[in-house]
Each structure stands twice: as structure tokens, then as C-alpha cells.
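I opened this entry to keep track of what I looked up, one topic at a time. The notes follow the order in which I checked things.

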Amino acid sequence: MYSEKLQLLINGRWIGEEGGRKGEDVFNPADEQVLARLPHATRDDLDAALDAAQKAFRSWKKSSPMERSKIMRRAGDLIRERADEIARNMTLDQGKPFVEARGEIMACADLLDWHAEEGRRIYGRVIPARAENVRQLVVREPIGVCVAFTPWNFPANQAIRKIAAAIGSGCTLILKGPEETPSAVVALARAMQDAGLPDGCLNLVWGVPAEISSYLIASPITAKVSFTGSVPVGKQLASLASLHMKRSTMELGGHAPVLIFPDADVERAADIMAASKVRNAGQVCVSPTRFYVHEKVQEQFLERFSANIAKVKVGNGLDADSQMGPLVNARRVEAIDGFVQEARGNGSKIMCGGERIGNRGHFYAPTVVFNPPEDSRLMTEEPFGPIAAVTSFKDTDDVLRRANSLPFGLASYVFTQSSKTVTQVSDGLESGMVTINHLGLALPETPFGGIKDSGYGSEGGSEAFDGYLITKFITQFE
């Protein structure tokens, strides 16, 4: 069991399963034990949340950016004070090691701090007129009531990105978090409420995802939709939002290529990428998955990378020596094992891993597959787990073609010491984010988003506010 009480939050009131509401059990992926019950919102609850958000918006949109900033800063401080408890609960329902969970919670506080400051700088502009008796202004205003849907892999981080941008811009929000990993989202909502956020500005609902999303997006009260999750679901929600002329931000899946050139610091690249690969058991949209290594350094990289992966300690996230926890559910275990079984059948070489661990909990050994066919599932479908494909390349044009061959375009990784190569691949990679010789993604102050099937819009940097603001042009003849 964990300490967080799972509830709905509607118009400042916390609501459980009373009143005949349905619900579902929340499980610990490490031992498959029930942690708590999560109440589902009824249709009346959704209507109440929409009404509360609409009424709250009438005053919140007029609030001072200084007031919004103070509330978000207070919430950030509260989150830091409660970090250990929130992280422990997250480890219980999501599975990631406690150290990773605590790092995610501390990052939430940083995100609130940054948005608290950047939200003070939502500027308009004056356009010089062609006549002296004409005034021309551009004003940026909050778009209105927003709805957001967040994933189970980073339950706190993905929720706070949407909360901070919406609240910081003067919008109100209805958030449907992940039913499998709800505790951290509830804790964030409590922190925002305890920091002084007015009732109705943030509402939290749970339930059957398709039923809630279709109802909230179709409502005439909703002005903007934000979703983080899989490509197929993202396309469905984007289509629904478009049908109702709703603005949307979509942060969807990826299949991140890693390009390692012969002049790279190969051992450093292997160390950095191994640590990144097993982070959150590989259940990361920007996780490095397709490794293209120049043939001159292929053997050196493969040996060190595989050795690093093979020695990762897999176990319960609350155990101090665990470096990787379980996958979130049995479906993810079956999915990763499916990639491995295909690799065994198509002539690929399993360098390490490739098997389930134990008979209780959703544990899978981190796996490296060498030389899979280009048309294999592992090279064409996002694995979203602790499995990496390694293959070789000869020249830059060829590797760029292969890296860009999929419909995904979220993150890319490059290792080289050549400024010429840096320029060529930075320009050539079809990706929303490119990080070179280090891990430099997902900071509060930097854009976070993809292109192609990986979505559109940003969940980071000053660009994160753009999706929550409308532009109004005012011209006056005096």
C-alpha cells in the first residue's frame, strides 16, 4: 500500500468512490499487489469539471502574472518538501527506481519555477502604423479552458508540463492522468491547491480514457487539447480536436536514432547511451533505440555498450541497489519479448539479455540486439522498453537516409568531434530535437517536441506557452 489517497478533484473538492462511482485497482508492477482503488469520473463529474473550469477562467484570465508566478513558486516549494513521499509512491505504482522517481519530482519543482518566471514575460507588441493617427497593437491572451491527457511513464513530469504552461498563461485545466500510475499526479494537484490556486483552475479526473477524451474534447467549453502518448491514440485525438476546431499539442512516440562516427569518443558514447537506454526501463519516448555505429568503431562500441547493459542491476525500485525497475505492466513484457523472439528468428545476434526475470512482477533483462534486418519490427516500430538495436554504417549520407527512413521524428543523438559532421547531421536529421555528444533534452527552458508522426507543438521552453495563448490584433483610429 502507499500513502497517497486517490481521488478526483473538481472545483476544489476531493471526491472518492462515494455516490456509486465505479473505479479500478492500481497495482505495483514489482509484485503485482493491489496498492489502492482509483475512482472513475461519471458523466456528471465531467460536466461539473467543465463548468468549474469555465467559471474559474472568467477571473483567472484577468489575474496578474505576478499572482500566478507566486502560486507556482509556492507549489514548487511544497513539492520539494514532499519529494520523498511522492517519489516513494511513484516507485510503487510506476516501478522506476526511487532515485529516478525523486529526480523526476525535483524536476517538476524546477519546471514550476521556470514557468513562474517565464509567465511574467508573455509580451505583446506595438506595430508602427502608416498614419500618425492610427495605433496598432498585438495582444496575447489565454485561450480558455484546456483539457490534457498524460502518460504513465513519467506521470509527474508530463502532468506538470501541461499544468505549468496552462496555469501560467492564465488558462484553466482539466487533467486526465494515467490510471496505472496516478499517485504523483494527485500529489501535484494537492500541491497546487495548497499553494493557493483558486478552485476550478485545475481539475483532475480519471476513468476509461476513450470515453473521457471523446466527451471532453467535443465539449463546446473546451478550447485546447494537449496529449502525450502513443502515435495511434494521438492521431485519433488530433482528428477529434480538428473535427471540433480545437487547437491541440501532440507529443507522441519516437524511435530515436543514435549516430556514432569514427572520430567520436566511443567509450564515453557507450557509457552515456547505456545509462540512457535503461532509464525508466527504456519506457521513454526519447529513449535511444536504433544505434548506427560506423564500421571502423563498431566492435569497440558494441563490446563496451553490451557490457554496460549486461551489468545493470534489475530489481524492485525501492531496493537501494536497483538500477532498473520492472516494466509497467504485463503487456509491455510481452511486447519486448515479442521483439526478442523475432530477432532470434531472423538471424540477429542477442548480445545480452533477451529473457524475463523471475516469475513475479514485470521484470525483463535489458537487451542488446546486433545487426537486425532493416525491415525488422525492432528497426521500424518503437519498442518502448529496455531493448536496443545496433547496426553499422559506412558513410554519412547513407546513415542519414536510414535514420530518417521512419515516420517518427522526435529525438536524435549524435557523437562526433567533427564540426563539419555536426553541421551536416544537425541540418540533415528529420527530428524535433538533436543532442550532440551529451544528453541535453527535456530541460524546462528548452523546447520539447517532434515532427512527422511524433507530433507538433512544444511541451517545453517559452514555446510551451504558445499553445495556450491566442493572438489578438487591435487597430484604432484616433
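I looked up Glu 459 and found it buried, because its relative accessible area is 3%; buried means under 20% relative accessible area, exposed over 50%, and partly exposed in between, with a 1.4 Å probe and protein chains only. The side chains of Lys 162 and Glu 459 form a salt bridge with an N to O distance of 2.8 Å; the term asks for a side-chain nitrogen of Lys or Arg within 4 Å of a carboxyl oxygen of Asp or Glu. Lys 162 lies in helix 5 (residues 155-169) and Glu 459 in the loop between strand 19 (455-456) and strand 20, with 297 residues separating the two. Helices here are DSSP runs of H or I with at least four residues, strands are runs of E with at least two, and both are numbered from the N terminus.

Before going on I noted the source. This is a predicted model, in which local features need pLDDT of at least 70 and side-chain atom pairs count only at pLDDT 80 or more, while totals for chains, interfaces and linings use all residues. Residues are numbered from 1 along each chain as its sequence is written, and side-chain values use heavy atoms, with hydrogens and water left out.

Next I went through other salt bridges. How many does the structure hold? The count is 27. One of them joins Arg 73 and Glu 117 at 3.1 Å, N to O. Arg 73 sits in helix 2 (residues 65-81) and Glu 117 in helix 4 (residues 98-118), 44 residues apart. Arg 73 is partly exposed at 32%, and Glu 117 is partly exposed at 21%. Both belong to one network of salt bridges with shared partners, which also takes in Asp 77, Arg 80, Asp 110, Asp 113 and Arg 120.

I also checked Asp 84 and Arg 102, whose side chains meet in a salt bridge of 2.5 Å, N to O. Asp 84 is in helix 3 (residues 83-94) and Arg 102 in helix 4, 18 residues apart. Asp 84 counts as partly exposed at 43%, as does Arg 102 at 30%.

Strand 6 (residues 134-142) is joined to strand 20 by nine bridges, and Val 138 has Phe 473 as its bridge partner.

Strand 3 (residues 23-27) and strand 4 (residues 34-39) pair antiparallel over five bridges. Asp 25 has Arg 37 as its bridge partner. Six residues lie between the strands of this hairpin, where Glu 32 takes a positive phi near 65°.

Ten of its twelve residues are buried, so helix 6 is largely enclosed by the rest of the structure. Among the buried ones are Ser 183, Leu 188 and Met 192. Just after helix 6, Gly 196 has a positive phi of about 110°.

Finally I checked for disulfides, meaning pairs of cysteine sulfur atoms within 2.5 Å, and the count is zero. For Cys 201, the nearest cysteine sulfur is that of Cys 171, 10 Å away.

Key: Pairing = 2+ DSSP bridges.
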